[in-house]
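Hi,

Here is the structure I promised to pass on.

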Amino acid sequence: MLSGAIFESYITTLFLGVFLAVGMTSLLYWVNDRTVSPFIVRHRKGIIRLAALVYLAVLYEIQAMQYRLDPQMSVFGWHWAFLNLMLVSLYVIIVDMGDWFTATLQGICCGIYLWFYADPFSPVVIVTFVIWLAVLTGLYLTRERLMNSRLASYVGMLILGLSGIIGIYVSRPRTFDAWWWVRELTSFVILGIAVTEYRRTIQQTDAKTAELQSVAAYQRLAHSDVFTDDPRMLTQMFTSARANREPLAVVTLDVDHFSAFNQRYGYLAGNIALVDVADVLQETLTQGNVNARLFRSEGEEFSIGIAGETAEQVAETVKTCLERIHQKQFAVGGEPVVLTASAGIAMLEQADETIDDVYKRADDQLQLSKKYGRNKVSGSGVPETIAVAAPKPLAFFEQEIIDGTPAGNTKWGAELLLRAKNPRNQQWELPERFDISVEQQISFITEVLIRDRALKRMTINLTLAQFSNSNTANSLAGFTTAAYGPETLIIEITTVPDLSTIRRVTALYRSAGVKIYIDDVGSDNSYELVRNILPYIDGVKFAIQNLRPKEADERIQERIAFWAEIAENAGIDFILEGVETNEDMAFAQGLGVSHYQGFYFGKPVLPGRDDD
């Protein structure tokens, strides 16, 4: 009868413990990473700490009931089940949340708990408690590694569990009970696996959801109920332009050979590509500062209404849109794909009675562009049907990063800088866009590795959107760990991401040993922006050239000294960029700065060549 009661207690409390642990993990994850509620965002840490303390108080009260009912824990399993819940929750708070203050509060609470319930309160209890605190400290100091390695995570959780379980075991004298240890350890292992795998699942799900949101948004945009509004919007623009005697252009734009694209890659890939096309168009119109409305008509066709621009201005804008589409590398199934589009333009005329009159002429011009070979624009403002220029050739140039610590300056690594070749004068210059696909990035890095086999470390620049994209992170991580990949790859970003993004993405990069640097600290990126993410990055770069036109040398040197100290205290790399003079070098060496980059050491060059 007794064994049956023990087994029933074990199973019941084990399942209850798993449900409570997963629920608490979900709450903490939601508060710390998911919610966008302004109130919760402002009070995130306070809410987590309050929830953790309330949670502990409930567990302690249940354990107090356990002691009153069954002091030797011979039958009921409440005590060990909720001890495990406390330990697993502590692990999640200190490792996933990175909140040392909250973990310290919980450590103090655990000490108070032992003070009241240990019988007797002996030196052995004190020693076990100190060991347990040391384990907590070790978990906090190694949390980045624990987050990036499943095996390390399990080992860390097991060590915490053993230290906590032993601490409770020695708090009250009892005879050795093998069953007590079996149920304690097996339940903790099961609970730890459940919580760890659940955390990984929701993180992977969030990453996948982010990738699919743009597709879902596009599919919603393509729904007929939504597109019934398009004619009304264009009609409103038409009516307003006629009433105010203002120019209005209607542009019809069609992605070339898109049926063949769908047949080869599938309709889902086609939808993703159309989302990217829409993004390119909207970004181009926004950057052009034109009064424009973008609609998707049907299939692969888009319509654009542009108000207040001359025919020539509209033609130039449309030509830029087609060039941007041609320049973008669309990632499909792991390979870069080039798309082109054709366009037709029609301007509002006095004889037009409805928007359909303008639209029909634009569509006629679109058909003319297709007739003459596609990737062309025809219509108002265009002297004749013109082809869009092919993308300029792109390549990575190297600018050396110097290690000044040994005698004489030696090459530590290089920053890879994107350049485009102007077909008119064959000169390399800054490209119009830097957000090339990850497939292009990998292709260009591979070319650098072939041409400069001595290069050990390289840094590349990503936009915030690229850095935050899980596909980009997984592709670069896989490339880095491959036998043909770089020895050390460093990602530079100039826009500081939010905390939840950098937690999610750095786990992907660091699993492959990819390092993360924040560029332009002290100029574009202030300490207030960077300080919260210092535990998640590997270095910072200070660009002197950003400050030279507007700051005195003394002020620049103050900022350099400040950021060099911040990097040293955080245990991360510091690179001084934009070094041009002997004075720059002398000052930096006086601070103990060891890594430099700038024209003082040489201009960017094509790998394996001195100039081009």
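Let me start with a charge: Lys603 lies over the face of Phe599, at 5.8 Å from the ring centre. The test asks for NZ of Lys or CZ of Arg within 6 Å of the ring centre and within 35 degrees of the ring normal.

The model is predicted, so local features need pLDDT of at least 70 and side-chain atom pairs count only at 80 or more, while totals for chains, interfaces and linings use all residues. Residues are numbered from 1 along each chain as its sequence is written, and side-chain values use heavy atoms, without hydrogens or water.

Now the aromatic pairs. Rings of Phe, Tyr and Trp (its six-membered ring) pair if their centres lie within 6.5 Å; planes under 30 degrees apart are stacked, over 60 edge-to-face, the rest tilted. This gives nine aromatic pairs. Phe258 and Phe261 are stacked, because their ring centres are 5.1 Å apart and their planes at 10 degrees. Both are buried (under 20% relative accessible area; exposed is over 50%, partly exposed in between, with a 1.4 Å probe and protein chains only). Tyr600 and Phe601 pair edge-to-face, at 5.1 Å centre to centre and 80 degrees between planes. Ring pairs also join Tyr527, Phe562 and Trp563 into a cluster.

Finally, Asn525 counts as buried, at 3% relative accessibility. Its side chain reaches the backbone oxygen of Thr494 at 2.8 Å and that of Asp519 at 2.7 Å.

Best wishes

Technical notes: A polar contact is a pair of N or O atoms within 3.5 Å; within protein, one must be able to donate a hydrogen and the other to accept it, and residues adjacent in sequence count only if both atoms are side-chain atoms.
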